[in-house]
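I opened this model to look up its strands, its cores, its aromatic pairs and a few backbone details. My entries are kept in the order in which I looked.

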Amino acid sequence: MSNVETDPVEMLCGADTEREAEEPRVDVISPREVPLGGPRAMTVRRTLPQRARTLIGAWCFADHYGPDDVSTTGGMNVAPHPHTGLQTVSWLFSGEIEHRDTLGSHAFVRPGELNLMTGGHGIAHSEVSTPRTTILHGVQLWVALPDEHRHTERDFQHHVPEPVHIDGAEIRVFLGSLAGSVSPVRTFTPLLGAEIALEPRASVTLAVDPGYEHGLLVDHGDVRMAGTLLRPADMGYAHPGIGALSLTNESDVRARTVLLGGTPFEEEIVMWWNFIGRSHDDIVRAREDWQHASERFGTVKGYDGDRLPAPTLPNATITPRRNPPRR
């Protein structure tokens, strides 16, 4: 999915791996609403990046949207747009989206099915909700590629994880491993991505890698993460060093969450619009290549319409931003 903000914020993001012992074990990251312009005209709830936290592992972008009745709005129609230096992770709770990219991939995003696209040096794709979609609801996530792999070749992977049932919960692991389930999907840094549904009033304790930091995004229900209550659309951040993660559904209805994790990302990255680089010049070059229809991004075939133009760059060198210093 494109970040189709009309005036996207530039960011330089870096890991903040050392924390003082007296700080809370779980931080609550509240979402900020971002109205997206262009043909999609949606408002999303964004938890990453924010000033409070810009990365969780290599996860650098998390948009949570819906449930939206797209039968009244005309649905999603995101024209071909570019990506560099990242992987896009599409995960739906309801609805269906048609995906086309410059590899020639023609696939559908459906609930419980992972579509992961690697931008690397450059890729473009389009996303259009299908006519049979009424309610569109899901998350769009980005993963930053480490410097040694950020110019890797384009790639597209599709995976349907089998649900794992434990007492009180159903888990679908789309990246990494959890609860004995291992995803075969290739990533370039150690990562975890899983949908976890909790039965009413259920509690579970999950063994997790203590070298990972974790973020739990709540879609539905009130969920307590390691003792900290999270409301719908909140994300709870757990610092590295936790080997077991306890989750409790405080609701009388089934709760749904998405758990993200990974080893702290040690590199600094500059992110603007749909590009991730290491410098202002990287972003300028990528934008120019897109605007001039460079072969760097290729051509999306089968989409009926024009490409999405890049926003105007700020009239200054992109200002670096990072996680706040430890207190």
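The entries below go from the whole chain to single residues.

**Ground rules.** I am working with a predicted model, in which local features need pLDDT of at least 70 and side-chain atom pairs count only at pLDDT 80 or more, while totals for chains, interfaces and linings use all residues. I number residues from 1 along each chain as its sequence is written, and side-chain values use heavy atoms, with hydrogens and water left out.

**Whole chain.** Helices (H or I, at least four residues) and strands (E, at least two) are DSSP runs, numbered from the N terminus. Of the 327 residues, 57% count as buried. For burial I used relative accessible area with a 1.4 Å probe and protein chains only: under 20% is buried, over 50% is exposed, and partly exposed lies in between. I took contact to mean heavy atoms within 4.5 Å. Among contacts between residues at least 6 apart in sequence, 74% join residues at least 24 apart. The accessible surface of the chain comes to about 13200 Å², and 47% of that belongs to carbon and sulfur atoms. These areas come from the Shrake-Rupley method with a 1.4 Å probe; for residues, only the protein chains shown count as cover.

**Cores.** I looked up the nonpolar cores, which are sets of buried Ala, Val, Leu, Ile, Met, Phe, Trp, Tyr and Cys residues joined through side-chain atoms within 4.5 Å. The largest has 33 residues, and W59, C60, V89, F174 and L175 have the most contacts inside it. The elements giving two or more residues to this core include β5 (59–69), β7 (86–94), β15 (169–175) and β25 (255–262). Strand β12 gives the most, with five residues. Another core, of 25 residues, lies apart from this one and has A194, Y212, A238 and L245 among its members.

Which strands form it, and in what order? I read the order of the four strands as β19-β24-β21-β22, with antiparallel pairing. Two strands pair if DSSP finds at least two bridges between them. β19 (203–207) and β22 (228–230) are the edge strands, each pairing on one side only. The twist averages 25° from one strand to the next; axes are lines fitted to C-alpha atoms, for helices over the stretch in contact, and angles run from 0 to 180 degrees between N-to-C directions. β19 and β24 (residues 244–249) pair over five bridges, and L206 has L245 as its bridge partner in β24.

**Aromatic pairs.** I noted seven of them in the structure. The rings of W290 and F297 have centres 5.6 Å apart and planes at 85°, so this pair is edge-to-face. Rings of Phe, Tyr and Trp (its six-membered ring) pair if their centres lie within 6.5 Å; planes under 30 degrees apart count as stacked, over 60 as edge-to-face and the rest as tilted. W290 and F297 are both buried. Ring pairs link W272, W273, F275, W290 and F297 into a cluster.

**Backbone details.** The L48 to P49 peptide bond is cis, with omega near -5°, and P49 lies in the loop between β4 (43–48) and β5. G66 and P67 are also joined by a cis peptide bond, with omega about 0°; P67 is in strand β5. I then checked two alanines. A226, in the loop between β21 (223–225) and β22, has a positive phi near 50° and is partly exposed, with a relative accessible area of 23%. A293 follows α1 (280–291), has a positive phi of about 55° and is partly exposed at 48%.
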